[in-house]
Amino acid sequence: MQVKDCMKGNVVSVPSSATIASAAGIILRNRVGVLPVLDEHGKPVGILQLSDLLSLALPDFLNLVADVDFVHDFGAVETSRPLPEVLARRVTELMQPTITVEGDSGLLRAYALMIQHNVLDVPVVNAREELVGIASRVDIGTAILSSWSPEAKKP
Amino acid sequence: MSLAIGLASLIFVLSLWLIFSEKLNRSITATAGAVLMVVLGKLLGFYTEAQALAAVDFNTIGLLLGMMLLVALLEPSGVFQYLAVWAGRVSRGRPAWLLIMLGSITAALSMFLNNVTTAVLVAPVTILICEILGISAVPYLVAEAVLSNIGGVATLVGDPPNILVASASGITFNDFLTRALPVVVVVWISSLLLLRFLFRRQLSVRPANPDALLRLNPAETITDRATAWRVLLVLGVAIMLFFAHHIIQVSPAFISIGAAAAALVWVRPNFDDTVQRVDWGVLIFFTALFVMVGGLEAAGVLAAIVRLIEGVGAIPAVMFGVLLIWVAAGLSAVIDNVPITIALIPVILGLGADGMQVGPLWWALVFGAGFGGNGTIIGSSANIVIANLSKKTHTPITAELWNRSGLPVMLVSCALTSVLYVLLFPLLTH
């Protein structure tokens with residue numbers, strides 16, 4: 001089995017010229033956790049995660065106080081929104097650099113790369129480095145597991 | 001001999017410049033400067049290794065190490081968070097009261113603990129309180145940096161310049177309580193009022209939901225109750241012994257190291273974690289500065305400065321003290337106050353040896369070096385650390401903002417101190 005056999009093919013992505021606000025809208029409408037960011041040739045240049053967006057709304061004290069368990073009511077932070085000028089910035093300012101794997105690479109190679117780079121999702125590309133799909137750790141991991149059962153076909 | 005004076009001064013000034021311009025870490029700079037000074041001294045025959053070792057004031061190093069170990073034990077227990085959250089609750093979210101409570105807690109703590117540590121431990125909770133109230137943390141953070149510098153002046157153990165001066169002059173812990181503390185109380189109150197005025201616009205915004213603040217429970221912030229009590233008890237005993245150190249004939253350094261040893265034995269922490277929280281860079285910086293200034297003294301630089309001062313002629317003793325307050329304050333606003341103090345101490349000792357009444361000058365140095373640090377955003381380590389912390393928030397403290405808040409506080413503090421200095425001159429002479 002190869003990565004292209006377990007990846008999600010109909011991937012939602014965002015152009016690198018998009019704003020943070022529009023990317024947030026795409027994530028909201030499609031209920032996805034991650035958006036590959038593509039250049040004008042359809043090549044992934046980065047990845048925008050739901051957690052990157054939410055970091056804009058998290059309080060500053062989260063990074064400064066070791067344990068926030070004693071804060072039972074986040075008060076004003078609970079209802080805070082990122083400023084309009086922040087939401088108007090380009091996604092390229094918030095996205096993280098990403099690794100990619102080719103559709104014909106092996107499952108363990110893809111999984112190993114994800115472990116090493118500590119990512120949960122990896123964009124899958126073709127020979128021209130264009131985005132063709134996206135695979136999560138669950139997609140690749142369960143595909144690997146499926147070969148463990150006795151009924152699985154021997155390669 | 002003039003070659004020695006020239007080259008020794010060059011090493012010192014160059015080191016200060018490297019530290020000031022932040023081109024090189026201050027501990028690395030001072031270590032290299034100290035080594036160069038000894039090499040120069042051996043080549044020109046004015047400074048030996050034995051003299052360099054003797055120049056290190058182990059009273060200061062020991063006192064600092066002991067207090068750092070105690071704070072390193074106390075820090076993870078959550079006591080500082082407790083105090084800051086308690087202060088926030090008492091204010092019930094009213095901005096002016098929050099400023100007074102947080103500023104005063106910081107001042108009171110830094111009377112006994114390192115200013116930087118105090119500021120660093122109170123500031124994160126301050127940011128937390130301000131965020132849940134939905135107000136800017138800037139006025140409170142500036143107040144904490146400023147008040148930690150002011151509170152540090154009050155006691156012998158409050159700030160390194162005090163320890164240095166006490167060690168050189170024989171001034172006791174109780175002398176500080178009767179001479180420095182009253183001045184600090186006046187400066188403390190006036191600075192809070194001044195900050196209240198300077199930040200009047202930010203402080204007039206009433207937080208929408210003070211209930212979130214009242215829902216914080218200070219007791220929940222204590223992560224290690226047993227350690228907190230043990231270290232606080234040891235610290236309390238140490239402070240009581242400080243009161244009596246001249247009667248029981250032990251140095252403050254011995255009390256500090258003794259307290260650290262007692263707390264370590266009682267708490268038995270993971271020692272590697274504890275020593276990691278000790279600021280070794282500061283101890284190395286101090287040791288190296290002592291060696292460097294010892295070289296300046298041996299080369300005759302400081303004697304030359306003493307002659308220069310005496311050559312200026314007969315300034316009345318009171319005016320000379322006021323002048324020293326402003327010179328020390330001006331210098332410590334732009335450079336770390338520790339090199340200033342270490343360099344000025346032998347000068348004052350030299351003036352004393354030539355028959356000048358130097359008792360009041362020690363206090364002028366303490367006040368100037370302490371309050372001067374509020375003049376600029378880089379004037380003291382507490383300012384630098386708070387400003388760096390605020391960079392991690394949405395509203396960083398800028399140098400320009402500091403010049404509109406910290407600088408007026410420094411000018412008013414020094415002006416008030418000068419007036420008090422003139423009024424209390426007979427008392428300071430003792």
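A residue counts as buried if 20 or more other C-beta atoms, placed from the backbone, lie within 10 Å of its own. By that rule, helix α22 (residues 381-390) of chain B is mostly covered, with seven of its 10 residues buried. This is a predicted model: local features need pLDDT of at least 70, side-chain atom pairs count only at pLDDT 80 or more, and totals for chains, interfaces and linings use all residues. Residues are numbered from 1 along each chain as its sequence is written, and chains are lettered from A in the order in which they are written.

Helices are DSSP runs (H or I, at least four residues), numbered from the N terminus. Among the buried residues of α22(B) are B:Asn383, B:Ile386 and B:Leu389. Their cover includes α7, α8 (138-152) and α23 (399-423) of chain B.

Helix α7 (residues 115-133) of chain B also packs with α5 (residues 79-91) of chain B: the axes, lines fitted to C-alpha atoms over the stretch in contact, come within 9 Å and cross at roughly 40°. The two helices are therefore oblique to each other.

Contact means C-beta atoms, placed from the backbone, within 7 Å.

| Helix | Residues in the α5(B)–α7(B) contact |
|---|---|
| α5(B) | B:Phe80, B:Gln81, B:Ala84, B:Val85, B:Gly88 |
| α7(B) | B:Leu121, B:Val122, B:Val125, B:Thr126, B:Ile129 |

Between chains, 20 residues of chain B are in contact with 14 residues of chain A. On the chain B side, α7(B) gives the most, with seven residues.

Terms used:
Axes are lines fitted to C-alpha atoms, for helices over the stretch in contact, and angles run from 0 to 180 degrees between N-to-C directions. Angles under 35 degrees count as roughly parallel, over 145 as roughly antiparallel, 65 to 115 as roughly perpendicular and the rest as oblique. Two residues are in contact if their C-beta atoms, placed from the backbone, lie within 7 Å. A residue is buried if 20 or more other C-beta atoms lie within 10 Å of its own, exposed if 12 or fewer, and partly exposed in between; C-beta atoms are placed from the backbone.
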